[in-house]
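Please consider the structure shown below.

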Amino acid sequence: MHIRRLHIGDFGIFRNQTLEDVHPGVVVIGGANRAGKSTFMQALRYLGYGIPSGGSLPPANVEYMIEGDIWDEKTHTDYHIRLEGQSEPVCIIGGKGQRIAISDIYKLDAFTYHNLFTISLDQLTRVPKGVSKNEFDKLQAALLGAGLTDIANIPRLEEGFSKSAAAIGGSTGRLSNKGFRPYVEFIREGVNKKKKALGQVEEYQSQQNHLANLTEEEEELNSKLREQYAKRDLLEAVKGNYDMLEELIELDHILPQHKGGKVSDDLPLKNLAIIEALLASYQDLRSELGQEYEELAEGLSNQEGVSKLIELLLKYRASLQNHLDKLSGLEVRWDHLRDLKWNLEENRQDVIEKIQGLHKNWSTKDIVRIRELPLEFLEENRLMKLVSHFQNLENQLERTDTKLEEVQANAEGLQIQKLEWENQASIPFLKKYFGISTLFVLLGLALSFVHFPSGLLVGLLGILGAALVAFYKGIGQKDAQTRLKEIQGQLSSALDQLEKLHGKRVELADELGKLESELTGISEMLGLEEMPAPVSLMEYYRGLIAIQEGIQRLDRQESDLSEQTSILASQFQGIHSLISQFEGLNYNNFSKDQLEAETWMEIQNAVRKWNLKLKIAIRIENLSLEMKKTKTRILHLIGLNEEMISREDELEALVGSYIDLCECRSDFLEKENRRMLIRQSLERVASSKGIAHAVSVSENSNSKEGISLQVLFNIFYEYPVRESIEREYGELMIEINSLEDELKSCRKGIQKANIFLEQLSLTDQLEQAHAMINKGRSGLYQESYRYAVYKTAAWMCREIRNRFLDKTKDELLIQSEDILKQLTGGDYRRIFPKENLSDFSFTLENGAVQDNSSILSRGTVEQVFLAIRLGRILDSNSGLPVIIDDSLVNFDAAHLKRALAIIAKLSQSHQVFIMTCQPHLVDLLMDMDISSQYWMLNNGRFSLTNGPILSETLHFSSISC
C-alpha cells in the first residue's frame with residue numbers, strides 16, 4: 001500500500017500543505033536544516049496511530065489536522081484517513097463512505113512501526129537515545145521478530161523468579177534457610193509445648209497403661225498377620241511377575257547359542273543410527289548432485305565436458321562474479337554512451353542546419369574546411385571595428401554626396417538669381433521707363449489740341465507716372481544692386497564649399513576603397529565568393545564562429561564517444577574473452593564498432609547465464625565435498641579407511657553388511673539387556689522392603705538380595721502353572737481376612753483409648769500447642785509451595801529460551817544478514833542474537849567473530865542496525881510506508897550506493913520516504929537511475945521538482961547541512 005495524497009492542515013511548521021500524486025516507490029523530500037523534514041516524518045509516523053499527548057511534539061497553530069489518501073494494491077481499495085487533534089484516526093473506504101478500524105490498514109502496533117519503519121540517525125545504534133529498559137526489551141523483540149515478543153522478556157522473568165526463590169529458600173532450599181526458618185521454629189516450639197502439657201495430666205498416664213495392654217494384643221495379631229502378609233507378599237510377587245520369571249528362564253536358555261553373542265564387541269554398534277542417517281544423507285546428496293549435473297550438462301555432449309566446464313567455472317569464479325557485480329555499472333556506462341551518441345547526432349544535425357542556414361550551397365562536406373578556417377586570427381572586435389568604420393565611411397560619403405548635391409543645387413540657384421538681379425540693376429530698364437513717360441506726355445499734348453482738359457490730364461498723368469516710375473525704379477535698382485552683391489558673396493561661398501566637398505569626397509572614396517579591399521580579403525578568407533554587405537559579413541562571421549564552436553564541440557563529443565566506446569569495448573572484450581572460455585568461441589577480438597544494443601543484451605545474458613552455471617558448479621563442488629565428508633565420516637564410524645573401497649556402490653554394500661551385523665548384535669544385546677532388565681526388575685522386587693521383610697519374616701532372618709531372588713525362584717518352581725499359585729493365594733487371603741477382623745476389633749478399643757487420651761490433652765496449653773503446630777505447618781507449606789513454583793518457573797524459562805534459541809537463532813536474521821552482506825560488500829556474513837537477547841554478535845568474511853556491537857565503528861554500527869531494520873521490514877509482510885530521515889549521512893559513497901540499491905529494491909514492495917539535505921544523495925539516485933519523485937521543502941512549504949533542480953538547490957543552499 002502507498003500514500004497517494006497527503007494534506008497537512010495544521011502540524012508544527014506546516015499549514016495547509018498538500019502533496020498530490022505521491023510516487024508509490026521512492027519519494028525524496030529535500031531541504032536544508034529546520035526546513036521541516038523531521039516534523040514531516042512525525043506527521044507520517046502518527047497518521048495511522050493518532051497524535052499522542054505530551055512529549056516533544058511540534059505545537060499546533062489551532063488544532064492538529066492531517067489527511068491522507070491510501071491505495072492498497074492487494075485489495076485494489078482506496079482509503080481516506082483523517083486525523084484531528086489527538087483523537088483516534090478516522091478511516092473511510094473511498095467511494096463507499098464505510099468507516100473501518102484504522103488497525104485494518106495499519107496492522108502493526110505503534111511502537112513497532114515507529115521503531116522499524118521510521119528510521120532516523122539516532123535509531124541506528126544498540127540503545128537509541130531516550131529508550132528506557134522496558135522499551136529496550138520491546139525494541140529488541142521488534143528487531144528480532146520471529147515470535148520473540150515474549151521470548152525477549154524470558155531472561156528478565158528468569159532472573160525475577162530466581163531472586164524470588166532465593167529470597168525464600170536460598171540456593172539449596174533447606175528448611176533452615178531464610179523464609180522457612182520462622183515456620184520450622186514455630187512448629188518446634190508448638191511440639192515442645194504439647195509435650196510439656198501432656199506431662200502434666202495424671203489421668204493421661206493411667207489411660208496409657210490400658211492402651212498398652214490393647215497394643216500388646218494388637219502386636220500379637222500383627223505378628224500373625226505379618227507372617228501371613230509375608231507369605232501373601234511372596235505369592236503376590238511371584239504371581240505378579242510370573243511371566244517375567246518364565247521369560248528370564250527362557251532367555252537364560254536362548255542367549256548362550258545366539259549368533260549375536262559371537263560378534264566382536266569392537267563393532268561400533270552405537271553409531272548405527274548415525275550411519276543410517278549419514279547413508280540416507282549421502283544418497284540424498286548423490287541424488288541432488290546428479291540433478292545438478294543434469295542441469296549443468298544441459299546442452300553438453302558428454303560427462304567429460306561437464307567436468308571440464310565445472311573446472312573452468314570454478315577457475316574463473318571470481319571473474320564471473322566480478323563481471324556480474326559490474327553489470328549495473330556497465331549498464332549505466334552503456335546508457336551514458338547511448339546518450340552521447342544521441343547528443344552527438346543531435347548536435348551534428350544542428351551544425352549542419354546552421355551551415356545550410358548560413359550558406360545554402362554548403363553541406364556536411366564543408367565541415368572540414370570550416371573547422372580549419374583561421375578564425376582565431378581574426379578577432380571579432382577588430383572585424384566589428386572594420387565593419388563599423390566601413391559603415392561610418394559609407395555614411396559619411398553618402399552624407400557628403402547629399403551635401404554636395406545640396407551645395408551644387410544652391411550654387412546653380414544663386415547663379416540664376418545673380419543673372420536676374422544683374423538685369424534689374426542695369427540702365428536700359430530706366431530708359432524704357434522714361435521713354436514710356438515721354439510717350440504719355442506727347443500723347444497728352446496731341447489730345448490737348450482736341451480736348452485740352454483730357455490732353456492735360458493725360459500729360460500730367462504721364463509725367464506723374466514717369467516720375468513715380470522713375471522714383472520706384474531708382475529705388476528698385478539700388479535694392480537690386482545690394483541684393484546682387486549679397487548673391488555674389490553667397491555664390492562665392494557656395495563655390496568654395498563645393499570645392500572642399502569634392503576634395504573630401506575623393507578622400508572618403510579612397511579610404512572606403514582601401515577598407516573595402518581589406519573586407520573583401522576577409523570575405524575571401526571566410527570562403528565567400530564576393531563580399532556581402534558589411535552587416536551581413538559580421539553576421540556571417542558570427543555564424544561561422546558559432547558553427548566552428550559547434551564543430552569543435554562535435555570533435556570533443558566524438559573524442560569522448562570514441563574514448564567511452566573504447567573503454568566499454570575493452571570491458572566487453574574482457575567479458576567476451578571470459579565467456580569464450582566456456583562457449584568455445586573462435587574469435588577473441590572485440591571491436592568497438594560491434595557495440596550495438598544486441599551486443600549489450602548478449603553480454604548481459606551471457607554474464608547472467610554463466611553466473612547461474614557458476615552457482616550450479618559451486619553447488620556441485622559443495623555437494624561433492626559434502627559427499628566426500630559424509631563418506632569419510634561413515635567409514636570412520638564403521639572403523640574403515642577410504643582405500644578399502646574403490647566404487648560408490650561398495651560403500652552401500654559395506655554399510656548394508658555393517659547394518660546386518662549391527663541388527664544381529666543389537667538383537668542379542670536387546671535380549672541380553674532384556675534379561676538384565678528382567679533380572680534387575682526381579683531383583684528390585686526381591687530387594688524391595690516388602691519382599692525383603694516378607695523373606696526375613698518367613699526365614700526368621702535378615703534377607704539378602706540374592707537370597708530373596710532365589711526365594712522367588714523357589715516359589716516359582718513350586719507352582720509350575722499359574723492356576724496352582726492363584727489357588728494357594730486365595731486360601732491364604734481367607735485366613736488373612738479372619739485375622740484382620742480380629743485386629744480391627746482390637747484397634748477399635750485402641751481408638752477409643754486414644755480418643756480418651758486426646759480428650760485429656762485438650763487443655764488450653766494443648767490447644768495453643770496444636771494451633772502453633774498447625775499454623776507453622778500451614779505457613780511452611782505455603783512457603784515451600786512458592787519456593788517450588790519460583791524454582792520451577794526459573795528452570796522452565798531457561799529451558800524455553802535455550803531451546804528456542806537453539807532452534808531459531810540461525811533463521812532469525814536471514815534477511816538482515818543478506819542486507820548487511822550487501823551493505824558491507826561481503827565483509828560481514830552472519831548476525832546472531834546474544835543469549836540474553838540484548839545485543840548481537842557477527843561473523844566476518846574471514847571467519848573471525850566479533851562478540852558484540854560495541855566494538856564496531858560508528859559507520860558499521862549504523863549499517864548493522866539499518867540492515868536489521870530493513871530485514872525485519874521485509875520479514876513483517878506489512879506494506880506500510882517506510883520513512884528514512886537523513887540516516888545515511890555517515891555512509892561513504894560506496895556504502896551509500898549499496899544502501900540506495902537496497903532501498904530501491906525495498907521500494908518495489910514499500911513506499912519509501914527519504915528526507916535529506918545531501919545533494920550527493922540526490923545525484924547518486926539519478927546516476928543509479930532509481931525511479932524517484934522529488935519534492936523541495938522550504939520553511940514548511942512543499943513544491944514538486946526534479947532531481948537536477950533539487951540537487952542544485954541543496955548544493956547552493958546558504959544553510960549548511
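**Packing around a core phenylalanine**

Apart from neighbours within four places in sequence, Phe913 is in contact with Ile3, Val22, Val27, Phe40, Leu44, Pro881, Val882, Ile883 and Ile884. The model in which these contacts occur is a predicted one. Phe913 also belongs to the largest nonpolar core, which has 90 residues. Within that core, the residues with the most contacts are Ile29, Phe40, Tyr106, Leu900 and Phe913. Helix α25, spanning residues 858–875, gives the most to this core, contributing eight residues. A second, separate core comprises 56 residues, among them Leu267, Leu344, Trp610 and Ala617. As a general background, nonpolar side chains in soluble globular proteins tend to be buried together.

Phe913 and Phe40 are linked with Phe14 and Phe942 into a cluster by ring pairs. The count of aromatic pairs comes to 14. One of the pairs is formed by Phe14 and Phe942, which are stacked, with 5.4 Å from centre to centre and 10° between the planes. This pair links distant parts of the chain, since Phe14 lies in strand β2 (residues 14–19) and Phe942 in strand β15 (residues 941–945), 928 residues apart. Phe14 and Phe942 are both buried.

The discussion now turns to a sheet. Three strands, in the order β9-β10-β11, form an open sheet with antiparallel pairing. Strands β9 (828–833) and β11 (849–850) stand at the edges with a single partner strand each, so one side of each has no neighbour in the sheet. In general, strands of a sheet pair through backbone hydrogen bonds, in either a parallel or an antiparallel manner.

The pairing may be followed strand by strand. Strands β9 and β10 run antiparallel and are joined by five bridges, with Ile831 standing opposite Phe842 in β10. The hairpin of β10 and β11 has four residues between the strands, and in it Gly847 takes a positive phi near 95°.

How many of the five residues of β10 are buried? Five of the five are buried, so β10 is largely enclosed by the rest of the structure. In a regular strand the side chains alternate between the two faces of the sheet. In β10 both faces are covered, with Phe840, Phe842 and Leu844 buried on one side and Ser841 and Thr843 buried on the other.

Helices α24 (residues 814–823) and α26 (residues 893–906) pack at an angle of about 145°, and their axes are 8 Å apart. In this contact Ile819, Gln822 and Leu823 of α24 meet His895, Arg898, Ala899 and Ile902 of α26. The residues of the contact comprise four nonpolar, two polar and one charged.

The loop between β12 (882–885) and α26 contains Ser887. Is Ser887 buried or exposed? Because its relative accessibility is 0%, Ser887 counts as buried. Leaving aside neighbours within four places in sequence, Ser887 is in contact with Ile119, Ser120, Leu121 and Leu124.

Conventions:
Residues are numbered from 1 along each chain as its sequence is written. This is a predicted model: local features need pLDDT of at least 70, side-chain atom pairs count only at pLDDT 80 or more; totals for chains, interfaces and linings use all residues. Side-chain values use heavy atoms; hydrogens and water are left out. Two strands pair if DSSP finds at least two bridges between them. Helices (H or I, at least four residues) and strands (E, at least two) are DSSP runs, numbered from the N terminus. Axes are lines fitted to C-alpha atoms, for helices over the stretch in contact, and angles run from 0 to 180 degrees between N-to-C directions. Contact means heavy atoms within 4.5 Å. Ala, Val, Leu, Ile, Met, Phe, Trp, Tyr, Cys and Pro count as nonpolar, Asp, Glu, Lys and Arg as charged, and the others, Gly among them, as polar. A nonpolar core is a set of buried Ala, Val, Leu, Ile, Met, Phe, Trp, Tyr and Cys residues joined through side-chain atoms within 4.5 Å. Buried means under 20% relative accessible area, exposed over 50%, partly exposed in between (1.4 Å probe, protein chains only). Rings of Phe, Tyr and Trp (its six-membered ring) pair if their centres lie within 6.5 Å; planes under 30 degrees apart count as stacked, over 60 as edge-to-face and the rest as tilted.
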